[in-house]
Amino acid sequence: MKPLLDNKTISLIVTKDCQLRCKYCYFIGKNSQEKMSFDIAKSAIDYIIDNESLFPEKRVFWEFIGGEPMLEVKLIDSICDYITEQTYIKGHKWFCSNHFTIATNGINYGTKDVQKFISKHNHNLSIAITIDGTRIKHDMNRIYKNGRGSYDTILKNIPLWLSQFPDVGTKVTISSQDIPYIKDSVLHIFSLGIKTVHINCVFENVWVNGDAELFQEQLIQLADSMIDNELYEDYYCSFWDERFIGKPIDWRKDPSNWCGSGNMLSVDASGNFYPCNRFTQFSLRDKNARIIGNVNDGINLNYLRPFLCLDKFTQSNQECLNCEVASGCAWCQGENFDVADTPTIYQRSTAICEMHKARVRANNYYWNKLYRKLELEGKREEFEKNKKDFNIGTTC
Amino acid sequence: MMQYLIVLLDDAAASYCHYSVNKPIRPIELDTLRRAIRYAMMENLMIQFVYPEKQIQEDLRVEIETIDHHKLMPVSYSDYNQADVLLYKSIKEWLHDDKEKSESICVVCTDKYSMFAQSEEISKALNTQKRLNFIMTDIDTFTDDDFTQYKSVLEQWSNTINLSFKKGKILQFNLLTDRLFLSKMNNCQAGVSNITLAPNGHFYVCPAFYYEDETNDIGNLSSGVTMNNAQLFKLDYSPLCRHCDAYQCCRCVWLNKRTTLEVNIPSHEQCVVAHLERNASRKLLNSIRISSTFIPEQQIKEIEYLDPFEILGENQTFK
């Protein structure tokens, strides 16, 4: 198989348990029973390492997810050891590029077990703590089972995390009810010392009339604050992108799919393979899980084909294909599948359309305002020369 | 554009394609048939009636004649001589059938091993037929060894057809000669130019969808056809097929759904089988041209892949 990307992301769903019950979380079947056994993890890793031709990518990210993955940090530690050992013993090309990534809610970040794990693997480990912004916004969604907010617990661990992973950003998810807090939340995250904020609207159809206008206004206010306070030099917010947002797309010349499902591989506690986490049963509301194999039989390549064949034309409606601001409009293949009229991954959900257009207008405002300011100050040339080349970042 | 309505006259109507019939005898009701004919007339559809082995009732027989149509009949049907298309459920049945059928269109359903095992006999019998369609019912089980064997039997049959051409007789055998004459895709078109009406009065993309799951209907005679994502059945919406030149491929959307879970994406096995046929047709064309000028405008270019998925990256841009 020819690689479409240089990097492979392999997700191991180590647990379906979590201390939190975030209101927007797309994992809808959380439980404390389904935990990955080490034997299943070993079988998955053996299959992947022994079938190198199916995984031609140069580098690999081994991602541990949940639920809350840090609940199973001892298991993760054993899995990381096994991956390192087996890629070395078998002379696998990934031995030098194995990288472990974890996105955690940060609740048990400071515990002895987690800290021991970090000190052991810190040479090839990235950990991101997700914090949604101000206390109000964070606690609005990120709550414990008893309804209590998790902000205070997580905040305590931020300084330690930043001292260990200063370059890793955080990821913020926006749903309808927290739109009024976007500006304050992003600025609050910056004030904590977190310099990179990946932020996106949920793909689910949660939006109501007036959300797009409110969203646009929040983004304009954020733009004003970031520019007036000159935060643009050292801080990054993924709302702002000069090159890739809000342009028409010639889908004849650039047919590529937005979503990376199919180029990723996800493994659950039963040893089933999925094109990404979003196709597991506990992430789907209305459709059956889309399993593409298992650790015993391997990947059914026929089940994988539709994911690797996805292009813009085949799944988009005419309005999307003709859209003047199409670039940067994201979609999640799993959400598309879940809301499609038939059990297909080839029907793109447009729930996010108005939110994307609002973001495009705010993004245009940001760059026009910023460049005008820099020109008036005679600093534009210097800014362009020195500006950091951030990529768009993750959207799911 | 919808052009054909396939009407199953009985739940046990003979199979003419990849699917198997798994229901007991249950004739279509006269009222359902009348409404189907009325629907076809109003929608300008040509009906293709598919018959069971058991003789149909007289009232149905009379009703059928009220509309222009085609008859697809199992060869064991008592009035088989009225058939526009004769259906055989095995190669054995076709080879051993001593009825006069040289002017008939024959559809033979077969599994791969019967076809490989009887390739010699098939080769000899090709000459006896005006038009022959082989339908393999187990394409999804093809292995690399099967591909090798299939390539070999196609070459064997190709020699027979070439010899026949030299003698001035043009044979029509779907696996080898269709591609010689095609300049664009000529696929099954289920869901695009034809739909199926089952005896229960519901529409299906094709009979295979009915026999797989009766709840898979796309409407009924009262509501009409209500297909969601109908565009996915069209050629342009298949990222692999829209660039492909294995024009003779049946491009079975039911097999697609079964093997890849998407109606618009063919399996590796379906693609390789179609490309083995395409490449064999190319060789046949070149062989025929050694001794005669034969459809000079036709070009089947040499390609290095058997599965268009192998060149997906290069081929994904839309032409």
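The model I looked at is predicted, so I kept local features only at pLDDT of at least 70 and side-chain atom pairs only at pLDDT 80 or more, while totals for chains, interfaces and linings use all residues. Residues are numbered from 1 along each chain as its sequence is written, chains are lettered from A and ligands numbered from 1 in the order written, and side-chain values use heavy atoms, without hydrogens and water.

**Entry 1: second largest pocket**

I looked up the second largest pocket and found a volume of about 1,400 Å³ (the space filled by probe spheres set on the points, with points joined across faces, edges and corners). Its lining has 47 residues. Arg131(B), Asn133(B), Asn186(B), Asn187(B) and Cys188(B) lie nearest the centre.

I then asked which elements supply the lining (DSSP runs numbered from the N terminus: helices are H or I of at least four residues, strands are E of at least two). Strands S1 (4-8), S3 (69-74), S5 (105-110) and S6 (131-136) of chain B are among those that each give at least two residues. Helices H7 (178-181), H8 (207-212), H9 (253-260) and H10 (268-291) of chain B also each give at least two. The largest share, five residues, comes from S6(B).

By class, I noted 28 nonpolar, 15 polar and four charged lining residues (Ala, Val, Leu, Ile, Met, Phe, Trp, Tyr, Cys and Pro are nonpolar; Asp, Glu, Lys and Arg are charged; the others, Gly among them, are polar).

**Entry 2: helix pairs**

For angles I used axes fitted to C-alpha atoms over the stretch in contact, with angles from 0 to 180 degrees between N-to-C directions.

In chain B, the axes of H6 (residues 144-166) and H10 come within 9 Å and cross at roughly 30°. H6(B) and H10(B) are therefore roughly parallel (angles under 35 degrees). H6(B) passes H10(B) in a right-handed crossing (the near helix is turned clockwise from the far one by less than a right angle). I listed the residues in contact (heavy atoms within 4.5 Å): H6(B) contributes Phe147(B), Tyr150(B) and Leu154(B) among others, and H10(B) contributes residues including His268(B), Val272(B) and Leu276(B). This contact has eleven nonpolar, five polar and six charged residues.

In chain A, H1 (residues 38-50) and H2 (residues 73-89) pack at about 30°, with axes 10 Å apart. That makes H1(A) roughly parallel to H2(A). The crossing of H1(A) past H2(A) is right-handed. Among the residues that make the contact are Phe38(A), Ala41(A) and Ile45(A) of H1(A), with Leu75(A), Ile79(A) and Tyr82(A) of H2(A). I counted eight nonpolar, three polar and two charged residues in the contact of H1(A) with H2(A).

H6 (residues 182-191) and H7 (residues 211-228) of chain A pack at about 35°, with axes 8 Å apart. The residues that meet include Val186(A) and Phe190(A) in H6(A), and Phe215(A) and Leu222(A) in H7(A).

**Entry 3: backbone and loops**

Where is the cis peptide bond that I looked up? It joins Gly66(A) and Gly67(A), with omega about 25°. Gly67(A) sits in the loop between strand S2 (59-65) and H2 of chain A.

Asn44(B) has phi near 60°, a positive value in a residue other than glycine. Asn44(B) lies in the loop between helix H1 (30-42) and strand S2 (46-50) of chain B.

Lys23(A) is in the loop between strand S1 (7-13) and H1 of chain A. The C-alpha atoms of Lys23(A) and Met140(A) are 8.3 Å apart, although 117 residues separate the two along the chain. Beyond its neighbours within four places in sequence, Lys23(A) is in contact with Met140(A), Asn141(A), Ile143(A) and Gln177(A).

Technical notes
On a 1 Å grid over the protein atoms alone, a cavity is a set of points where a 1.4 Å probe fits but cannot get out, and a pocket is an open set with protein on both sides within 12 Å along at least five of seven lines; lining residues have an atom within 4 Å of a point. Angles under 35 degrees count as roughly parallel, over 145 as roughly antiparallel, 65 to 115 as roughly perpendicular and the rest as oblique.
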